[in-house]
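Here's a quick tour of the fold, to read with the model open beside you.

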Amino acid sequence: MIVPDPDETGPLRQVYGAYPSGVVAVCALRDAAPVGIVASSFVAVSMNPPLVSVCVQHTSTTWPLLADRPRLGLSVLGTTHDRACRQIASKTGDRFAGIGYTATGEGAVLLHGAAAWLDCSIDTVASAGDHDLVLLRVEAMQPHEKVAPLVFHGSGLHALSALAS
């Protein structure tokens, strides 16, 4: 067994990367322009009330632009979003160039081609180590059943293989 070392995060990243997770884009309008981040820490938390969560690094320069928005759009990224995922996660350039999206009346931004949309409001934010745990209340949602989700595993983006019946 390896003891986690805060100065050497490689082994911990490898262990965390052994667990596949879905990928969401968390987006909203700010000054009439889309702003967003990508999170692989999306988790369904509660059915009643309907709650989900994401974790955001304290060092994020984009999260402060989203944290005060009345609504956040969570798009469960589909297998065609590989480029969009990297683009929205980038530190430079127009993060939404060539990416189709719909904005709700409350300012949530939802990406076209997603496996599901969740229109959320922030319920609670709690500091958790070097991240904030953001608990979100689902105000509205839309599944897109014919779209397969994108999966983050082993530090890479992947499509799921069809399950044998």
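Start with Ala32, which is exposed because its relative accessible area is 70%, above the 50% mark. Keep in mind throughout that this is a predicted model.

- Ala32 isn't a glycine, yet its phi is positive, near 65 degrees.
- Asp31 does something along those lines too: it has a positive phi of about 55 degrees without being a glycine.
- You'll find Asp31 in the loop between β2 (24–30) and β3 (33–39).
- Asp31 is exposed because its relative accessible area comes to 74%, and over 50% counts as exposed.
- For a cis peptide bond, go to Asn48 and Pro49, where omega is about 5 degrees.
- Pro49 belongs to the loop that runs between β4 (43–46) and β5 (51–57).

- As background, strands of a sheet pair through backbone hydrogen bonds, in either a parallel or an antiparallel way.

**Strand β9 and its partners**

- On one side, β9 (residues 116–128) pairs with β6 (residues 72–76) in the antiparallel sense, over five bridges.
- If you want a landmark for that pairing, Leu72 stands opposite Cys120 in β9.
- β9 also runs antiparallel to β10 (residues 131–143), and twelve bridges join the two.
- The hairpin of β9 and β10 has two residues between the strands. Gly129 in this hairpin takes a positive phi, near 65 degrees.

- Leaving out residues up to four places away in sequence, Asp119 touches Arg71, Leu72, Thr104, Glu106, Ala108, Arg137, Val138, Glu139 and Ala140.
- Val43 is in strand β4. Val43 is partly exposed because its relative accessibility is 41%, which lies between the 20% and 50% cut-offs.
- With residues up to four places away in sequence set aside, Val43 touches Val52 and Ser53.
- If you'd like a distance to check, the C-alpha atoms of Val43 and Gly93 are separated by 29 Å, and these residues are 50 apart along the chain.

**The largest pocket**

- How big is the volume of the largest pocket, and what lines that pocket? The volume is about 1,500 Å³, and 38 residues line the pocket.
- Nearest the centre of the largest pocket lie Arg13, Ser40, Gln57, His131 and Phe152.
- At least two lining residues come from each of α1 (10–17), β3, β5, α3 (82–89) and β12 (156–159).
- By class, the lining of the largest pocket splits into 19 nonpolar, 13 polar and six charged residues.

**The second largest pocket**

- The second largest pocket holds about 270 Å³ of space.
- Its lining has 16 residues, and Ala44, Val52, Leu118, Val138 and Met141 are the ones nearest the centre.
- Two or more lining residues come from each of β4, β5, β9 and β10.
- β10 gives the largest share of the lining of the second largest pocket, with four residues.
- In the lining of the second largest pocket, 14 residues are nonpolar and two are polar, with no charged residues.

Technical notes. Residues are numbered from 1 along each chain as its sequence is written. This is a predicted model: local features need pLDDT of at least 70, side-chain atom pairs count only at pLDDT 80 or more; totals for chains, interfaces and linings use all residues. Side-chain values use heavy atoms; hydrogens and water are left out. Two strands pair if DSSP finds at least two bridges between them. Buried means under 20% relative accessible area, exposed over 50%, partly exposed in between (1.4 Å probe, protein chains only). Contact means heavy atoms within 4.5 Å. On a 1 Å grid over the protein atoms alone, a cavity is a set of points where a 1.4 Å probe fits but cannot get out, and a pocket is an open set with protein on both sides within 12 Å along at least five of seven lines; lining residues have an atom within 4 Å of a point. Grid points are joined across faces, edges and corners, and a volume is the space filled by probe spheres set on the points. Ala, Val, Leu, Ile, Met, Phe, Trp, Tyr, Cys and Pro count as nonpolar, Asp, Glu, Lys and Arg as charged, and the others, Gly among them, as polar.
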